[in-house]
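The sequence and the structure come first.

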Amino acid sequence: MTFSITAHDPQSKARTGTLTTDHGPIQTPIFMPVGTAGTVKAVHQRELETDINAEIILGNTYHLYLRPGLDVLSQAGGLHGFNGWRRPILTDSGGYQVYSLSNTRKIKEEGVTFKSHIDGSKHTFTPEGVMDIQRIIGADIIMAFDECTPYPCEYGYARQSMDMTHRWLGRCIDRFDQAEGHYGYQQTLFPIVQGSTYADLRRQSAEVIASKEREGNAIGGLAVGEPAEEMYAMIELVNGILPADKPRYLMGVGTPANILEAIALGVDMFDCVMPTRNARHGLLFTTEGIINIKNEKWNKDFSPIDAGLGGYASTFYSKAYLRHLVKSEELLGGQIASLHNLTFYLWLVRQAREHIVVGDFIAWKNEMVIKLMQRL
């Protein structure tokens, strides 16, 4: 994998770049739709490619390991062969899912023992095992196995967890570098910065991660309940330490405003379930602001969902029709809303790239943060 920076914003840390993988290039800043179990919920691969124009999607190690399982994925030729997606894939290591299973898991130095949410069966994830699993899944970018701490988190626990994450990272790197990929293309490993919202821990973790000299780096453990100002402060601190010539991936973030503010702080890659999860509940992100399509005010609004966005779903269907589908709990409602929201998120990062290149990103960002987060 290679990464080249193509433009810098003169008034912020925002930049554009090209991240090149064996499954194609990725223009940054980029938003990556989340396809947890091998599918971006309610969206066809053809729509992801042609309508949304997603350049990379996510899969999740925990979910894919449990179902369909490694035998199926291996025989299919990895996740690319299984779901037919021809562009790059990134896999989360499962650390966040283990974090969310706090009542059914036990964390030790060796790794994490947990119970499946599907059938209650017992499993163990170790750093080495997670590397092997992600090799079989076959993602272009795979994540180190870490522990994501909750918020708020006591300082002592945050430090202990961070130190263990660093030890696990060493084991991940050793296993990754010793093993070969299964499918004839290159994979790369991203370490993850942790440390909760403690500046000294974040600084220490960023220094450790930077010293590993991998091809890209991630920032984890944010957007878990802390105030946005604390999140931005941690991002700024960490990005001042992580190498500027490598991509920076902010995991699990976030709202349109979060993304624009983090781009200004030098983040290149984002993912979040928010576009599709909110879509299924009738919450739409548009170029004019946020719409709750269930509200009565849209009942007889026959204008397009978002005429300014472009794209099939956003311009073909009316607000009134989508409201009817969502209120009736028709499956098509969730599909249209998901397609629209993802189209919006990819539009947002494309617009950010254009304004970085032109040199007026900050003025545009400041205007858009207010506009896009207002309720219509």
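## Aromatic pairs

There are 17 aromatic pairs, where rings of Phe, Tyr and Trp (its six-membered ring) pair if their centres lie within 6.5 Å, and planes under 30 degrees apart count as stacked, over 60 as edge-to-face and the rest as tilted. The ring centres of Tyr 62 and Phe 114 lie 5.4 Å apart with planes at 55°, so this pair is tilted. It links distant parts of the chain, since Tyr 62 belongs to helix H2 (residues 61-66) and Phe 114 to strand E8 (residues 112-115), 52 residues apart. Helices (H or I, at least four residues) and strands (E, at least two) are DSSP runs, numbered from the N terminus. Tyr 62 has 2% relative accessibility and counts as buried; Phe 114, with a relative accessible area of 1%, is buried as well. Buried means under 20% relative accessible area, exposed over 50%, and partly exposed in between (1.4 Å probe, protein chains only).

Tyr 183 and Tyr 185 make a stacked pair, 6.3 Å centre to centre with 25° between the planes. Tyr 183 is partly exposed at 22% relative accessibility, whereas Tyr 185 is buried at 14%. Ring pairs also join Tyr 62, Tyr 65, Phe 114, Phe 125, Phe 145 and Trp 168 into a cluster.

## Basis of the model

The model is predicted: local features need pLDDT of at least 70, side-chain atom pairs count only at pLDDT 80 or more, and totals for chains, interfaces and linings use all residues. Residues are numbered from 1 along each chain as its sequence is written, and side-chain values use heavy atoms, with hydrogens and water left out.

## A four-stranded sheet

Four strands form an open sheet in the order E5-E6-E10-E11, with parallel pairing; two strands pair if DSSP finds at least two bridges between them. E5 (57-60) and E11 (188-190) are the edge strands, each with a single partner, so one side of each has no neighbour in the sheet. From one strand to the next the twist averages 25°, with axes fitted to C-alpha atoms (for helices over the stretch in contact) and angles running from 0 to 180 degrees between N-to-C directions.

Strand E6 (residues 89-92) is joined to the parallel strand E10 (residues 141-143) by two bridges. In this pairing Leu 90 stands opposite Ile 141 in E10. Helix H6 (residues 127-137) packs on the sheet and touches E6, E10 and E11, its direction making about 155° with that of E10. Contact means heavy atoms within 4.5 Å.

## Strand E4

Ile 30 and Met 32 point one way from strand E4 (residues 30-33), Phe 31 and Pro 33 point the other way, and all are buried. E4 pairs in the parallel sense with strand E15 (residues 269-272) over four bridges. Pro 33 has Cys 272 of E15 opposite it.

## The chain as a whole

The protein chain has 15 helices and 17 strands. Its radius of gyration is 20 Å, close to the 21 Å that the globule rule gives for 376 residues, so it is as compact as a globular protein of that length. This radius is taken over C-alpha atoms, and the rule is 2.2 Å times the number of residues to the power 0.38. Along its principal axes the C-alpha trace spans about 60 × 50 × 40 Å.

Of the 376 residues, 58% are buried. Among contacts with a separation of 6 or more, 68% come from residues 24 or more positions apart.
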